[in-house]
Amino acid sequence: MSATSDRDVLLSMGFPPERVDWAIQETASAPDLQRRIEHIIEHEDMIPPKAADASTNSSAETAKISPLGNRQRKQESNKADSLYHADSNISSSNITLNGVARNLEERYMSSLERFASFLQYEQDLMHGALLDDKETSLKALEALETFFKDEIERRRIEYQLPSVSNQLSSVTPSTDARQSTDGGSTISRGTRDYHVPVASSSQAPPDQDSARDDRQSTISVTRPSIPASSDIKGILSNIYSHTAANPIVQQASNAAEALRPQLAEWVQSLRIEYDAKQLPESQVADVQEQRRREAHSAHLSALYQAGQMSTAAEVTKKFEASENAKKLAWKRTELENWKKGVSEVGREGTMATLQKLQVELKRIADVLEEDDEDNDVVNSTRALLQVSDLMENEAVVTLESLEDDLSQREHDFQCQSISLSSSNIDAWKEIDRLEKAHELAKLELGVIRCDYKIKRTAPCHQLILRQLQSHLKRVNADEALLSDTLLSVLSTVPPFLSLEEEELKLAEGDGSYMTSALPSIELIDQIRAAHAALSRLNSLASELSSCVQVILTRQAVAAKDKAVKEVILSEFRAGRGDQVWLSEAFKSVNEQHDQMIATSEEAASKEKINREKRWAKASEKALDVIRRHEKRSRALKQKTSENAQDSTSGLTDSFARLLQQQQQTQMVSNMMWSQHASRMAVIDNIGSGSTQWVVNYR
């Protein structure tokens, strides 16, 4: 059979002309119809040479204006190959069910490949966006928006879908669109171009689809839009912001916290160690005293039996004097051991730890003292208060407890010395005088300690208040400015109607709402950013105000503590120490300072309520606009999806027709195979016995 007749047969079977010509060319050395059919079937997944050359040229032209450059040229070529397969298979009648599935898979894979290449090309920009760089984040969002708009337009053209709303297909105001040489458009973003192909006249949507989409276009596409606000943009770029915690502050805070076990806990271990060592010695002394008293009792019994009463009295007097001297010696030794083993060692260790805490306190204070708006003043304040509390409530209190313990032990030793060396009447009078003097000294020392504490913490509190109030003033000013500007912009946004309500009014002939402006996507994004910034500023202002109130409350409590102790000291000196809690002076001081604290807390509470009201007013209006916009967008997307489903139903019918054509093609192929097998059987019959025709699959 000649090449011309074979070509006619193959074309009548439904094979594409370019594949028929390719098969005839490849089997020219051994022309056979069956071999040519086998060539077409075996090379079904390959591109004919002429089509491959055309696809390569088209891919090279696209790469010139593609933002992905050399990185995606190979992938763009593969994409063109897969699209060619898809188009040729759909246009031919020789398509199988596996071919249909493979065609859909290639279409989706081409989209995934384009998106993967886009992410690879934009990886630096995306990485910058993850670092919370505002400018880079906006650029990354713009790049993503442009890519997906291009991909939606590509799919719309490929599946011959009706046009979607302007919110999905138009480019952002910040992009610059220019006409391309192939009838499409090239969208420029910075120095990068994105090519968007347009549908040819042969790919135009059906008339009924355009008519069905007219109402949606009237509602969403032709409506004027409210642009983004330059005022809000300027405020957002200059509002107060603070970075993460300073590493120096965090290191100093951790170092100070690590010193905590070296304070009260360590001194307590010294006390336990001393008691454990002292207990056996005390028990031995008690046993020895008990034996001496038993021996003295036996001696007295002998004297009483001998009738030596005066001698017994003299022996008893000398024995008690000797025992009292031994007790005083023992108490003195015990006091000295306490001084050396607990008091002096504990004081030296605590003072060394206190000096280390002062170093860490200074490190944090130096960071906080810098007039830098990027400093996290809240975190630095809390760290400074943490170290300050560790110094005051642990180190200083430990030193005071050691001092009080030593003073009490010395007082007890002095009282025991008097009771053991004087007569009962004189001893009690002297002890009573010592008790009053000791109590007075304790009250005086308490007032002095309160005064010292106020003076020690004053520089730290003043530094914190100065920085907190400075930052709070800036935050309040930025919050008020942003809130007023946002409310002003929101006042320009007219009331929304739902999509259903607008369609109903349009059907009734009322198109008054069709000319009212709607907020642009850029303005909605700006409102979201402004709302988030307002929430952050409000939260930061609350934290700053809370820290300020903590300092003011601490100062008021310290002043009250000092005033109360001064009243107690004054009443004790006047001889009214037992009834000091009922005195008018004590009640007056308490009420006065409690009122001052309550007034300060009430003022802070009112300020917080006013700030919350101001924030809530702007927040509610911003959220209302955002919710209405999102509701409208969902309605538009749903309508677009319904239109796409209507168009896809036609594609389903096409698949059914293709299946029917595939069955017809298979029947023709089976018939041709039977005819050829019959001819070859005749050849077997007339040949020699050693020859036989077999099918050779390659």
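**Note on the helix packing of a predicted model**

1. Glu 265 is exposed, at 56% relative accessibility; exposed means over 50% relative accessible area, buried under 20%, and partly exposed in between, with a 1.4 Å probe and protein chains only. Glu 265 is found in helix α14, which covers residues 264-305. Between Glu 265 and Thr 398 there are 133 residues in sequence, yet their C-alpha atoms are 9.4 Å apart in space.

2. The basis of the note is as follows. This is a predicted model, in which local features need pLDDT of at least 70 and side-chain atom pairs count only at pLDDT 80 or more, while totals for chains, interfaces and linings use all residues. Residues are numbered from 1 along each chain as its sequence is written, and side-chain values use heavy atoms, with hydrogens and water left out.

3. The protein chain has 20 helices and 5 strands. Helices (H or I, at least four residues) and strands (E, at least two) are DSSP runs, numbered from the N terminus. Of its 698 residues, 37% count as buried. Contact means heavy atoms within 4.5 Å. Among contacts between residues at least 6 apart in sequence, 79% join residues at least 24 apart.

4. How do α13 and α15 pack? Two packed helices are described by the angle between their axes and the distance between the axes. The axes are lines fitted to C-alpha atoms, for helices over the stretch in contact, and the angles run from 0 to 180 degrees between N-to-C directions. For helix α13 (residues 247-258) and α15, the axes come within 9 Å and cross at roughly 160°. α13 is therefore roughly antiparallel to α15; angles over 145 degrees count as roughly antiparallel, under 35 as roughly parallel, 65 to 115 as roughly perpendicular and the rest as oblique. The crossing of α13 with α15 is left-handed, a term for a near helix turned anticlockwise from the far one by less than a right angle, with right-handed used if clockwise.

5. Which residues make that contact? On the α13 side they are Ile 248, Val 249, Gln 251, Ala 252, Ser 253, Ala 255 and Ala 256, and on the α15 side Leu 357, Glu 360, Arg 363, Ile 364 and Val 367. By class, the contact of α13 with α15 has 8 nonpolar, 2 polar and 2 charged residues. Ala, Val, Leu, Ile, Met, Phe, Trp, Tyr, Cys and Pro count as nonpolar, Asp, Glu, Lys and Arg as charged, and the others, Gly among them, as polar.

6. Glu 360 belongs to helix α15 (residues 309-369). Is Glu 360 buried or exposed? Its relative accessibility is 12%, so Glu 360 counts as buried. Leaving aside neighbours within four places in sequence, Glu 360 is in contact with Ala 252, Ala 255 and Ala 256.

7. α13 also packs on helix α16 (residues 377-421), at an angle of about 20° and with the axes 10 Å apart. That makes the two helices, α13 and α16, roughly parallel. The contact involves Val 249, Ser 253, Ala 256 and Glu 257 of α13, and Asn 379, Ser 380, Ala 383, Gln 386, Val 387 and Leu 390 of α16. These residues divide into 5 nonpolar, 4 polar and 1 charged.

8. α16 in turn packs on helix α19 (residues 521-573), with an angle of about 25° and axes 10 Å apart. α16 is thus roughly parallel to α19, and α16 passes α19 in a left-handed crossing. Its contact with α19 has 8 nonpolar, 1 polar and 4 charged residues.

9. His 461 lies in helix α17 (residues 424-490). It is buried, with a relative accessible area of 7%. Not counting residues up to four places away in sequence, His 461 touches Ile 551, Arg 554 and Gln 555.

10. The count of aromatic pairs comes to 1. Rings of Phe, Tyr and Trp (its six-membered ring) pair if their centres lie within 6.5 Å; planes under 30 degrees apart count as stacked, over 60 as edge-to-face and the rest as tilted. Tyr 274 and Trp 338 have ring centres 5.3 Å apart and planes at 80°, so the pair is edge-to-face. Tyr 274 is in α14 and Trp 338 in α15, 64 residues apart. Tyr 274 is buried at 9% relative accessible area, and Trp 338 is buried at 2%. Residues touched by Trp 338 include Arg 271, Asp 405 and Leu 406.
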